[in-house]
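Dear colleague,

I am handing over the structure below, and my notes on it follow. Please read them with the model open beside you.

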Amino acid sequence: MAESIQGIKRTRWAGELRAADCNQEVIINGWVQRVRRLGGLIFITVRDRTGLVQCNFNQEVNAELYEKADSLRSEYVVAIRGTVAARGADAVNPNMPTGEIELIVSELRILGKAETTPFEISDEKEVGDTVRLKYRYLDLRRPSLTKNILMRHQIAKVTRDYFYENGFIEIETPMMMKSTPEGARDYIVPSRVHPGSFYALPQSPQIYKQLLMLSGYDRYIQLARCFRDEDLRADRQPEFTQIDLEMSFVDVEDILQMIEGFIKRLWKEVLDKDIENPLPRLTYADAMNRYGSDKPDTRFGMEIQDVSNLVKDSRFGVFANAVANGGSVRAIVAKNAASTYTRKEIDKLTEHARGIGASGLAFVRWVDETPNCSFAKFFEPEELQALLAAIGCERGDVALFVADRNSVVLSTLGALRLIVAKRLDIIPDTFNFLWITEFPFFEKNEETGSWDAMHHPFTMPLDECIPYLESDPGSVRAKAYDLVLNGTELLSGSIRINDPELQQKMFQLLGLTKEEIDAKFGFLVDAYRYGAPPHGGAGLGLDRITMLMCGCDSLRDVIAFPKVQNASELMSVCPSTVDEKQLQELHIKVDLPEKE
């Protein structure tokens, strides 16, 4: 039977004890990590969320206590009273923060017994994801995950401290709201009181935080839970937390400076790293032309180079035709890559390029005096040398060329750039922040030929672009900005439209009828009629920030109870069916597709 904790509650955390605490009597509460028996001595390593400490039981000193300690097993829950003592010089463990000391135990209570766990609670043992996530409550005991969850807590605390100090008000917005187009599928919630009607879980608090600016609160902050029914990947979960903020009477520069101050404070307090402000900036057009991505990893070079003018008149039809048809020919140069990228490896890159839309991949692999070039027969030797000199390709290098429509060329080389850099192991372990600004306002829908909003329909165009909204929508740029870290998007935001006439015009340009506008955004349009201040904001992914600060590869490692690839949770086995009575109360009939 479990013993009572009464009278033996924690006075110190196990992982915080040090040599300076010697001769003090302390009480620790935690789990048994390991039991070692050495003759008349038993050493118990006890773990809590702060770390480990060794506890010493001596049979000669207290035989009854020794016998009780002998019954302990891994993951038993214990309360221990003891005196901090220095270990002998030959017993110091330099790999433990508490390795200089141990507890000489005077009292032991067993608060809870444990069966043998499905896997060892240790970072040293490899355990499959399926087993770890099925027993997530055990997985969370591992030191690495504990460290991540505690860092996430610290990040959230610094976030609130910073924004509170800068005059922001934390306001909660509804978790059940009207379904509005946000770019992904909504998770919907049926209403029992209103049969046939549904709430949506928020993809973001976008409309509500804009309404708060109209309501006069000036600066809003919320660690908001958001939900998107979309395909999962390593840096995406169906439910996530967003550091959501909005500011009134501001323009782009005000918001960027506020965020930069936050990033500087966060990295200093959590990681003790100095981030230099202002952060670098690139326009969307420059980022795409140089890196082939609107979230480029700038920790390494290998930038995309446009060689269209050099090859437009060449005898190589693939190059000449691409330029003649309005496309381009561009290249990346991988320095000192010729020994790594054999012809076989380059063939793999070619297949990858085709898999993401390119028709092929031309290359130069320069090992010997004469470069091995896949299109050499179409170029005179001096022409090829001039081309290679122009892009900085030298002996020992590999150059990769793509010729096609600009969108295909840039996205292909952007993807290959990352693949090659990882293969060459040239990406340094550092934090490279980058603002991406002046996004296109519209993007062409290839299927319908219509223009869609690249961000959301409340984004303000650049002032100088407003005259071209109807005549040249493809040239319109937005007061929108993303913050990128090491190739991962951390933040997306914009200045919002506060002119009801301009907002109405934007809706119309996006093809929305008056009926659709009223049905989806009527309350927001009405609100704008009563005095809307200039305002803007952003949403930062708390999960992604934590993932990168912890040095993890997946969001699963920084979320307590994550979902897997098919959006299910293995531990609780959800989603699950509900009984017929619940469905009847909601007036819902399940019509499942037939199994093939």
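In helix α10, Glu345, Leu349, His352 and Ala353 are in contact with Thr412, Leu416, Ile419, Val420 and Arg423 of helix α12, where contact means heavy atoms within 4.5 Å, and helices (H or I, at least four residues) and strands (E, at least two) are DSSP runs, numbered from the N terminus. By class, this contact of α10 with α12 has five nonpolar, two polar and two charged residues, counting Ala, Val, Leu, Ile, Met, Phe, Trp, Tyr, Cys and Pro as nonpolar, Asp, Glu, Lys and Arg as charged, and the others, Gly among them, as polar.

This is a predicted model, in which local features need pLDDT of at least 70 and side-chain atom pairs count only at pLDDT 80 or more, while totals for chains, interfaces and linings use all residues. Residues are numbered from 1 along each chain as its sequence is written, and side-chain values use heavy atoms, with hydrogens and water left out.

Helix α11 (residues 381-391) has Leu384, Leu387, Leu388 and Ile391 buried, that is, under 20% relative accessible area, whereas exposed means over 50% and partly exposed in between (1.4 Å probe, protein chains only). These four lie on the same side of α11, because they cover an arc of only 95° around the axis, taken from the directions from the helix axis to the C-beta atoms. The face turned away from that buried side carries the exposed Glu382 and Ala389. Among the elements covering the buried residues of α11 are β13 (328-334) and β16 (398-404), and Gly392, with a positive phi near 75°, follows the helix.

With regards
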